[in-house]
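Here's a protein structure for you to explore. Take a look at the sequence and the 3D view before reading on.

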Amino acid sequence: WRATRSCLSPWKGGRRGVARMLDQESKRCIRAVVRKIHPDKFMQFPEHQAVNSDSLKELNAFLEGYAAGDTTQVVRSVPLQFWTLKEEDGVPAEATEGAFSKVKVELTGRDSLLDLFEAFDVEHSGERFRDGGSQDFLEYLRAKVGEAVAVSERFRSLSGAATRRREDIVERYRFEDLRFQDVVRTSCSNAVWQASALDTFSEALESLNAESRLTFANQRIVLHRERSRGFSAVQGREIHLVVNRTLKSQLRKIDKKLLSTLSKLNAYWRSRIDALIPAAKSILGVKAIVGDFVYSGDGGVTTSSVEDAVLWAGKIIRATRAFE
């Protein structure tokens, strides 16, 4: 069992004492199931993570009632579904699109835990899981499931806060784009760092005078945790910054004339996409065009390659007759 330190919450109920009382097979089976569906495996895939988190909550509620002797659990049917990573020779695949499979299990009371372990192909002796197993078994399973739910909720809260902070900064300073280079939001600690980095970046921007801040409008900003070998502040049409105590100095040292030129270029390409994409949509007879960029038709556009979109749209317009 492993969990990111930033996500952990204390478990009340003497988990260590219960763990010592359980036999090794019971603990192995519990860990095997939770490991397969733990939300921290799906942090880059929020929809999959949300499904697992919601089902874990349902499972936790079922276990609480079962452990408390709630007889309604014997007759109440609780359908659950989980996403798991596909495995080959017992080794989970890397978390990428298409690497997931869905597991469905229905908790129906007496043999529910036996059904649960069998749904995930966890080998077991069988009898110990019938009729819910021992009270120690239920408490240990509840502890593991509860911790998994806590990790998921903590990550979703932190990730949401970081996303909102980024959107606020992009809007306030009118950036073309703002992203992180070497810190992917795949754990609670990374989400915490991103939120902190965004606060530090905003503070550094506010240290500039109004005229200097305006030179960063329409820029593509890339934030780094560490300075790599051969690091350059201006790479192509992107401004690269390291979030550390020198950040304010980094902002002041960037050539303002170069920033002005980059800003004009970004503004030009954006104006062209606003003009060409609607025309391409009309020619193709579609509601939206989606690629490396997203154009919704209501003036909103998110892009990492506006130039490619403009060039593509231009080719469509020049070939109008081919679509008539």
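What follows is a quick tour, from the whole chain down to a few single residues.

Keep in mind that this is a predicted model. The protein chain is built with 11 helices and 11 strands. Of its 324 residues, 44% count as buried.

**The chain as a whole**
- The protein chain exposes about 17,500 Å², and carbon and sulfur atoms supply 48% of that.
- Take the contacts in the chain with a separation of 6 or more: 65% of them come from residues 24 or more positions apart.

- Helix H10 covers residues 256–284 and helix H11 covers residues 306–318.
- They pack with their axes 8 Å apart, at an angle of about 40°.
- Are H10 and H11 parallel or oblique to each other? An angle counts as roughly parallel under 35 degrees, and theirs is about 40°, so H10 and H11 are oblique.
- The crossing of H10 and H11 is left-handed.
- By class, the contact of H10 with H11 has 15 nonpolar residues, one polar and three charged.
- On the H10 side, the residues that meet H11 include Trp 269, Arg 270, Arg 272 and Leu 276.
- On the H11 side, the residues that meet H10 include Glu 307, Trp 312, Gly 314 and Ile 317.

**Two residues in strands**
- Thr 84 sits in strand E1, which runs over residues 78–85.
- Is Thr 84 buried or exposed? Buried means under 20% relative accessible area, and Thr 84 has 8%, so it's buried.
- Leaving aside neighbours within four places in sequence, Thr 84 is in contact with several residues, among them Lys 36, Phe 42, Phe 100 and Phe 120.
- Gln 235 belongs to strand E7 (residues 234–235).
- Gln 235 counts as partly exposed because its relative accessibility is 33%.
- From C-alpha to C-alpha, Gln 235 and Val 222 are 9.9 Å apart in space, and they're 13 residues apart in sequence.

**Two loop residues with a positive phi**
- Most residues other than glycine have a negative phi, so the next two are worth a look.
- Arg 174 isn't a glycine, yet its phi is positive, at about 55°.
- You'll find Arg 174 in the loop between helix H6 (135–173) and strand E5 (177–180).
- Asn 218 isn't a glycine either, and its phi is positive too, near 70°.
- Asn 218 lies in the loop between helix H8 (210–214) and strand E6 (220–224).
- With 24% relative accessibility, Asn 218 counts as partly exposed.

Technical notes: Residues numbered from 1 in each chain as written. Predicted model: local features only at pLDDT ≥ 70, side-chain atom pairs only at ≥ 80, totals over all residues. Heavy atoms only, no water. Helix = DSSP H or I, 4+ residues; strand = E, 2+ residues; numbered from the N terminus. Buried < 20%, exposed > 50% of the residue type's maximum accessible area, 1.4 Å probe, protein only. Axes fitted to C-alpha atoms, helices over the stretch in contact; angles between N-to-C directions. Parallel < 35°, antiparallel > 145°, perpendicular 65-115°, else oblique. Left-handed = near helix turned anticlockwise from the far one by under 90°. Contact = heavy atoms within 4.5 Å. Nonpolar A, V, L, I, M, F, W, Y, C, P; charged D, E, K, R; others polar. Areas by Shrake-Rupley, 256 points an atom, 1.4 Å probe, with all protein chains shown as cover.
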